There are 4 protein chains.
Amino acid sequence: MSRLAILSAGGDCPGINAVIRAVAKTADQRGWEVVGFRNGYRGAVENDFLMLGPEETAGLLPRGGTVLGTDNRYDPSDFPVEEDGRVVRRDLSQQVADNLQRLDVQGLIAIGGDGTMAVTRKLIEKVGLKAICVPKTIDNDLPSTDQTFGFDTAVRTATDALDKLHTTAESHHRVMVLELMGRYAGWIALYTGLSGGADVILIPEIRWDPDVVARKILERRARGRLFSVVVVAEGTLTPEGERVVQRRVPDSHEQIRLGGIGQLVGELIEEKTGIETRVTILGHIQRGGSPSPYDRMLATRLGVAAGELALEGRYGNLVALRQGTIQAVPLDQVETGIRTVRPDGPEVEAARAIGICFGDR
Amino acid sequence: MSRLAILSAGGDCPGINAVIRAVAKTADQRGWEVVGFRNGYRGAVENDFLMLGPEETAGLLPRGGTVLGTDNRYDPSDFPVEEDGRVVRRDLSQQVADNLQRLDVQGLIAIGGDGTMAVTRKLIEKVGLKAICVPKTIDNDLPSTDQTFGFDTAVRTATDALDKLHTTAESHHRVMVLELMGRYAGWIALYTGLSGGADVILIPEIRWDPDVVARKILERRARGRLFSVVVVAEGTLTPEGERVVQRRVPDSHEQIRLGGIGQLVGELIEEKTGIETRVTILGHIQRGGSPSPYDRMLATRLGVAAGELALEGRYGNLVALRQGTIQAVPLDQVETGIRTVRPDGPEVEAARAIGICFGDR
Amino acid sequence: MSRLAILSAGGDCPGINAVIRAVAKTADQRGWEVVGFRNGYRGAVENDFLMLGPEETAGLLPRGGTVLGTDNRYDPSDFPVEEDGRVVRRDLSQQVADNLQRLDVQGLIAIGGDGTMAVTRKLIEKVGLKAICVPKTIDNDLPSTDQTFGFDTAVRTATDALDKLHTTAESHHRVMVLELMGRYAGWIALYTGLSGGADVILIPEIRWDPDVVARKILERRARGRLFSVVVVAEGTLTPEGERVVQRRVPDSHEQIRLGGIGQLVGELIEEKTGIETRVTILGHIQRGGSPSPYDRMLATRLGVAAGELALEGRYGNLVALRQGTIQAVPLDQVETGIRTVRPDGPEVEAARAIGICFGDR
Amino acid sequence: MSRLAILSAGGDCPGINAVIRAVAKTADQRGWEVVGFRNGYRGAVENDFLMLGPEETAGLLPRGGTVLGTDNRYDPSDFPVEEDGRVVRRDLSQQVADNLQRLDVQGLIAIGGDGTMAVTRKLIEKVGLKAICVPKTIDNDLPSTDQTFGFDTAVRTATDALDKLHTTAESHHRVMVLELMGRYAGWIALYTGLSGGADVILIPEIRWDPDVVARKILERRARGRLFSVVVVAEGTLTPEGERVVQRRVPDSHEQIRLGGIGQLVGELIEEKTGIETRVTILGHIQRGGSPSPYDRMLATRLGVAAGELALEGRYGNLVALRQGTIQAVPLDQVETGIRTVRPDGPEVEAARAIGICFGDR
């Protein structure tokens, strides 16, 4: 019986299990078996795997996380091994190829982000790995695909949180600041702000002035809207254009850390408006939970497409959503880097039209 | 001060309030006022309205339904009025035009489906109404736009129901049948079936054979999967190709009605497989509830676009989502009718690839 | 190593898995193993089981249904077996005892309702079974315990549905009728009606007059509340005091069935008020889904108590929630039958105080 | 027409609107009107109010927060007023009494926590206020009532967050720490930990040793459970028995603050186990959102009871839930202070039985 392998690497996000299930079901329909490596490329190096038959993939669709585990540090070509009591780094790329051959695996499907794609390309080059990539990031900031699975679920979780903060803000006449994920791109903050009725949205792509934000909040107050809700992407720069780094104060035994950008935004607003302000950092909750129907659908379609490409022997591709259809894009033509929010893009323009403030005017 | 008017007609769906709010906010930003007619065109005839200022639209975004009320029967050109104790039908189109003029309204935004658009066109022709249409249907079956708001929320509600039925099906080794909305197109059933892990999906667009469905369920059983989950669109035809009409048995005083297609599917499955089968009809719950972030976003963008077109005096258009952007489509070029599921479309093909049965093979 | 056994029987409901997990964890902490019989007492007769170690119970807490499967028809003392091509009934009680002994099991924990408790008592009497019972029913109508797990989750699901129907009712100025579970007691309907803001609640315990219901709805209309929401328990009697039985019309080839009580209530309201009325039957969805925190907590506490009783050899008890504490009640002192809603109980009185109509005044 | 007044004070929590609605509906049924003061006792001093008729209370039941606004700083007997450009404090208790009399109000219902009850008592003493108190706190730590509304909703929100963190913890083999509300009592943390399957629960009532926590986590790892989930109440003391105070570092221009106890717990775990650990502080989200059915029910019953007491002229009472029934407790017999978790109480014992670690053994 012929076999495919699959692994998931990088940060987890809702929908990975749906991809795994779709690959396994597509293969099963054609009489192929699927091998799942544990913990990203680490499992491929260490030959740590499980079989993904109908039994193992039953009930996977609605489950968050990844049943294979994930890891975002292991690169087979620079793999840490213990030798003589010390950890040294070795190129174990060939070991991956050998493991695949020993398991009788025809090709590998790798679910991951930019880093995983880079590692996969290296393996293609070095040991002729036959691979298909499935793009994955909660942040929706990959230039290769119009939308990544997991993003819709993250926005749902964040919007739900914003809805909850609204009732408190309104009852207490406060400013509530919600810091969301998005280290280099403001997609989650932008979509959540629009969906959750934020008054101010701050994102890495737009420089902001605390006086502009304060003016917006005070204008609302003057019109009888005694509360305001502010959404901030974690990668938003300070008004001076610097990145806020969270770190401990070195010469202190107390548990001290720099507050993130959300904390800074809250303090500046309170200082400039005199209105009581509270900050919430949503954090890892955005990565968790059962994927939304949209993400289950997208992940399933990507998994089917990846499985079919592999079964047809069309390796060396990434599967991507482009203008509503799933397409195969040759890995060497895939654009890398970050897809950022355009300050004059349609979502920002729509937000400005209904009076949402980005701090820049 | 200049004014716009807005109304919502046809069946309600999540996101109408988000459109209303976006129009009102867009207008408010430019210094215009917005008048909301109650209960579709009925309010425009009877001059029944409320002002939609910042106070009235506060908190509207997450709320289901429509704060303006809706109505799916009133056509101003064929409007029922009581005269001498009898209801007669009159053409009151001019009365709509007069009411708009008296209120100093420059133009009207009408949120509705195919029927509402047809009525709007008649008013444009008869009395020169200046109007913008915003497409709306839970069923996602309008050919003029790639997706309608409300659909994502309906699929979420239906998928949540399917997830719940799964646990019961699995615990009792039963077949669970879920009948969903979709009188002429199977979009809700198709997306829910894929998102909720259905084993069988029956839709109006694909003729089905109960023996094929039974075989699928028995094959699952033979492989140790002792339960199955079946999703049926309400407009799915009988195996003989007929539409199931729900009606009372005429010569009976008992409360008798024909079961819908879900009931028939359940009975045929039980008969042909011998496996205990239960039927659930989700019904109106699919129309209700707070819109999903996706629908809030789409509805907001449509509302902004409609508001901006009106403010610029570009009447006679429908706003539509096409390939990810919001576009203005001249009302006389808008395709009408039903956008059905293509049996060889990408979603159906993906479903078949993972072994979902449509009853036709 | 010492061993306990566990099984679940009767209709499924959210929280069974939480009981199973709590028993397994309690036993594991004390160094015992747990054997799970599949499909209620059927697995105990046929020796069909799985081990419930830490691996198998990981992740069970939030999952609906029962990982052991359930069955509500098998009584070991009257068990169907095939002999000479015919199904005959045999007393296989001794086989259950033998299986337990062969597996080295010290005692059995049976999760189930009244029927399961009756079967368990028979086995105690006939073959000296050492057993603990954990009460279970979605309907919350057992006299032996103040509340059953699964009920809170069912009310949450039903209230969510009622919230959704509210927005549609309000937008369309309709009467929406929601039929909920509760064949002999109206607990789910009563709690959902109060939690979801129903205007009328009809339950088996209170005789109702359609004219009283119609008057309530028309009074609301007269006060400007153009819609109403009605909740009906499935076991509510007709105005004539009869039970509505769903059956096919015998001499018909069409798929005909009697509508349930919800259908009848809807038709009577429409007839007597002239207001458009829609009926939704929520059905099996009420049994499904992840248990609410309340139910997870209650189920966990019951599972711990059952496990500890078994580990201490205190068999012959039922574990019950009484006035906030978990108590052991000797099985021969357990009250059976149905705990119905008292028409003058505190919940009904609270409902009447805020103007909810029960159709009787 | 006779009148009641109502106000809400202290921190907001889900269910306040349900109390307000129940009072208004109960009064309306008896032909009384209800006046709502805005922002706690501040509105009673400043005569800032709205009428709470059927129109105003429609749709309130499922809404979080309080439609009256709240305030947790104003005591009429020590009220800040501006005189000659300076803020001075005056005793305006008589002004409250005068406002009530001028509005023709017979008595006042005050929804709030310990602080609100203390203020209310002062007003009873000083100016003979006729008042009923409704206990309210998200923390469930009032000794006067068995459970407070809002608590069940907070636990639901927190459990949902914990469920989400579980999938990430499992996929990444990490320790996830979730800090929850509970400054003086660990109820939210305890119930969430039990409902969400935490491995470790740290609360103010139980002193903990980081080595015990680390040992628990390492034991799990040794058994193949590569991740752990830890819940911490915000008021949990440091291992040295001190309270963690969040403050800025005084001589720094950087945005520095002390991490809360969650941060400290995470750092100690990472230090002692070497396992990657992530901390999430859920914060204000716990106060928000639509109340759960349980809380809507409890709040409704309390509101009805308060309304009926007032209508019968039985002032000077608090309404409380005791052993499943709503009771009137004379305000001068109400126990104040904090109801803490008993370290040997049934919930903690159940948690220990399934192996949950409290850090103390």
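Predicted model: local features only at pLDDT ≥ 70, side-chain atom pairs only at ≥ 80, totals over all residues.

1. In chain B, α1(B) passes α10(B) in a right-handed crossing, where a crossing is called right-handed if the near helix is turned clockwise from the far one by less than a right angle, and left-handed if anticlockwise.

2. Residues are numbered from 1 along each chain as its sequence is written, chains are lettered from A and ligands numbered from 1 in the order in which they are written, and side-chain values use heavy atoms, with hydrogens and water left out. Helices (H or I, at least four residues) and strands (E, at least two) are DSSP runs, numbered from the N terminus.

3. What is the length of α1(B), and how far does it reach from its first C-alpha to its last? This helix (residues 16-29) has 14 residues and reaches 20 Å, close to the 20 Å expected at 1.5 Å a residue, the expected span being 1.5 Å times one less than the number of residues. α1(B) is mostly covered, with 11 of its 14 residues buried, where buried means under 20% relative accessible area, exposed over 50% and partly exposed in between (1.4 Å probe, protein chains only). Among the buried residues are Ile16(B), Asn17(B), Ile20(B), Arg21(B) and Ala24(B). Just after the helix, Gly31(B) takes a positive phi of about 85°.

4. Met297(A), Arg301(A), Val304(A) and Glu308(A) of α10(A) meet Pro346(B), Glu347(B), Ala350(B) and Ala353(B) of α11(B), contact meaning heavy atoms within 4.5 Å. By class, this contact has 5 nonpolar, no polar and 3 charged residues, with Ala, Val, Leu, Ile, Met, Phe, Trp, Tyr, Cys and Pro counted as nonpolar, Asp, Glu, Lys and Arg as charged, and the others, Gly among them, as polar.

5. Within chain A, the axes of α6 (residues 151-172) and α10(A) come within 7 Å and cross at roughly 170°, which makes α6(A) roughly antiparallel to α10(A). The contact is made by Phe151(A), Asp152(A), Thr153(A) and Arg156(A) on the α6(A) side, and by Pro293(A), Tyr294(A) and Asp295(A) on the α10(A) side. Its residues are 3 nonpolar, 1 polar and 3 charged by class.

6. For other chain pairs there is no contact to discuss: chain A and chain C do not touch, their nearest C-alpha atoms being 11 Å apart, and no contact joins chain B and chain D, whose closest C-alpha atoms lie 11 Å apart.

7. In chain D, helix α6 (residues 151-172) has 22 residues and reaches 31 Å from its first C-alpha to its last, close to the 32 Å expected. Because 18 of the 22 residues of α6(D) are buried, this helix is largely enclosed by the rest of the structure. Just after α6(D), His173(D) takes a positive phi of about 55°.

8. Is Leu52(A) buried or exposed? Leu52(A), found in the loop between β3 (49-51) and α3 (54-57) of chain A, counts as buried at 4% relative accessibility. Leaving aside neighbours within four places in sequence, its contacts include Ile6(A), Ile20(A), Val35(A) and Leu68(A). By contrast, Gln101(A), in helix α4 (residues 93-102) of chain A, is exposed, with a relative accessible area of 65%.

Notes. Axes fitted to C-alpha atoms, helices over the stretch in contact; angles between N-to-C directions. Parallel < 35°, antiparallel > 145°, perpendicular 65-115°, else oblique.
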